[in-house]
Amino acid sequence: MPRLDAMTLLADKLERGDGQPQWSTPGDLAALVDPTTVQTPALDRIDREIAWAYSTPGARLIISLPPQEGKSSRVTKIGSLWALARDPELRIAIVSYSQPLAEGFGRDVRNWITVNDGDEGTFDIGLRIARDYGSAKRWQLEGHRGGIVCVGIGGGLTGKPAEALVIDDPFSDKSQADSAYYRDRVWGWWQSVGSTRLAPGAPVILINTRWHEDDLAGRFLAADDGHRWRVVNIPALADHDPTKGESDPLGREPGQWLTSARGRTDTEWEAIRIQAGSRVFNALYQGRPSPDAGNVWQRHWWRRYTTPLWSQHPHRPDAYRVDEADEIVMSWDMAFKDTKSSDYVVGQVWARRGANVYLLDQVHKRLSFTDTVTAFTAMAARWPQATAKYVEDKANGTAIIDTLKSKIPGIVAINPTESKYARANAVAPVIEAGNVFLPEAGIALFDPEELIDEAAGFPNAAHDDQVDATSQALAQMLLDGTGAQAWLAYARRKAEAATAPAAEPALEQATPGNPEDPADIHKAARDAAFRAARR
């Protein structure tokens, strides 16, 4: 019988409940083979997802649960055992970041079968290991073609096709997940080995600690067939927003902690949150690789403007004009190559009024070199008042500068000497102070939410091109360019006001002609004044 037909038959049996062992869920089986099992609402949900995956031809499932809450034991070990008990012809592949860890999973499943054979009053699972085919790395059931093969990332899946694939933590730790080399290595294994060894209709289950947005789960979801993946993320702390239509996978109210299989109390969960820090807690315990608020540029810092600052140019039908601005500039961040997984090309147009800056327009696409030249030329024509055009002198930027500098005036090569993080951190105070404005969606010429989302994920997000272009523009306009004095005068005034004795109220007064002070800017002002003193 073709494998796809067998999976369909298994699905039908699960729905009818006929011809199956007495345990209906992996949790029922777990209680039999391991009496110390503690069943929680999270494991109840995972049980349902395991049953869905093994009864749905071609299922794609991503599961995230905090560490030590039983996800590997339930999905990789008990889940595989449960599936084999229901279909002894199933060939399952278990993959992890190392061969020994993968073999450990397979060994535990094999041992459960060996021990639970009905002898000496034990529970009989009804399966036996083939005597001549029972190594921890690869074993088969006696009288059946089903069994388990275990490999580490980078290993091969030779022989028969895998009729189910379980990937349990393809990265060993944070350093591997943060490494572009390891992320590419894991993705390359999936493309060249994992996906090519799947039988028709084979389910794939991924258990992945979300250290990085560009990890295996991130790449699965970002791929053209990302819609196939069903994501079940069970966070330690329910932090959804019902007003936005969000819900918790366990039906908890916001602020409720997970019922722990390890017996963790709410106080212990809170201690873990504090000790772990935001990035680790959000990755390991919330299933998100970066905090929603953002690490460097927080979401609530961004200001919005609701009226277009531009109008139709009086002499150029395809161009815009800004009537009130101290300066208008363009800022570009170029890609290294124009492949589907490469970074984006980002070109922005900014206007400055005093110490405030406004993002007017943006292009954010994966472009070839030729298309980048076309986009740059079009942006320059659309915004003729943009005198300075800042281009980072790296990647394709160098070639763009060489190609267009004799054709388009005002191209300025920027050679950054600090890291992306340092550059973003340097301009963070001006965003926090409320001096950076994005357009409301209703008037925007681009999608401002893309910039906000990328900024919130920085520096852990998969891409940082919009952040780079924004950092470059703000540095040139407010730290190094003609707007520096307006910002520094504003920052010094607020720093002096924040530290002045109460008997000197005159320091709190704004100098005529300076921009109006936004609220809650004391920290930003002190940071800016400190940097100014060191310049």
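Gln68 sits in the loop that links β1 (60-64) to α4 (71-86). Helices and strands here are DSSP runs (H or I of at least four residues for helices, E of at least two for strands), numbered from the N terminus. This is a predicted model, in which local features need pLDDT of at least 70 and side-chain atom pairs count only at pLDDT 80 or more, while totals for chains, interfaces and linings use all residues. Residues are numbered from 1 along each chain as its sequence is written, and side-chain values use heavy atoms, with hydrogens and water left out.

Back to Gln68: its phi is near 65°, a positive value in a residue other than glycine. Gln68 is exposed, at 51% relative accessible area. For the cut-offs, buried means under 20% relative accessible area, exposed means over 50%, and partly exposed is in between (1.4 Å probe, protein chains only). Asp169, in the loop between β6 and α6, also has a positive phi, near 55°. Asp169 counts as buried, with 18% relative accessibility.

## The whole chain

The chain holds 17 helices and 17 strands. Of its 535 residues, 53% count as buried. Take the contacts (heavy atoms within 4.5 Å) between residues at least 6 apart in sequence: 69% of them join residues at least 24 apart.

How far apart are the end C-alpha atoms of α7? They are 20 Å apart, which agrees with the 21 Å that the 15 residues of this helix (180-194) should span at 1.5 Å a residue. That expected span is 1.5 Å times one less than the number of residues.

The buried residues of α7 are Arg183, Val186, Trp187, Trp189, Trp190, Val193 and Gly194. They cover an arc of only 165° around the axis, so they lie on the same side of α7; the arc is that of the directions from the helix axis to the C-beta atoms. On the other side, Tyr181 and Ser192 are exposed. Among the elements covering the buried residues are β2 (91-96), β5 (147-152), β7 (204-207) and α8 (216-222).

## A seven-stranded sheet

Now for an open sheet of seven strands, ordered β9-β17-β14-β13-β12-β15-β16, with mixed pairing. Two strands pair if DSSP finds at least two bridges between them. At the edges are β9 (303-305) and β16 (411-414), each pairing on one side only. Strands β13 (345-353) and β14 (356-365) run antiparallel and are joined by nine bridges, and Trp350 stands opposite Leu359 in β14.

Helix α11 (369-382) packs on the sheet and touches β12 (327-333), β13, β14, β15 (388-392) and β16, its direction making about 170° with that of β12. Helix α14 (448-457) packs on the sheet too, touching β9, β14 and β17 (436-439), at about 135° to the direction of β17. These angles run from 0 to 180 degrees between N-to-C directions, with axes fitted to C-alpha atoms, for helices over the stretch in contact.

## Strand β15

Five of the five residues of β15 are buried, so this strand is largely enclosed by the rest of the structure. Ala388, Tyr390 and Glu392 point one way, and Lys389 and Val391 the other. Strand β15 runs parallel to β12, with four bridges between them, and Met330 stands opposite Lys389. Four bridges also join β15 to β16, again parallel.

## A cis peptide bond

Which peptide bond is cis, with omega near 5°? The one from Phe458 to Pro459. Pro459 is in the loop between α14 and α15 (465-480).
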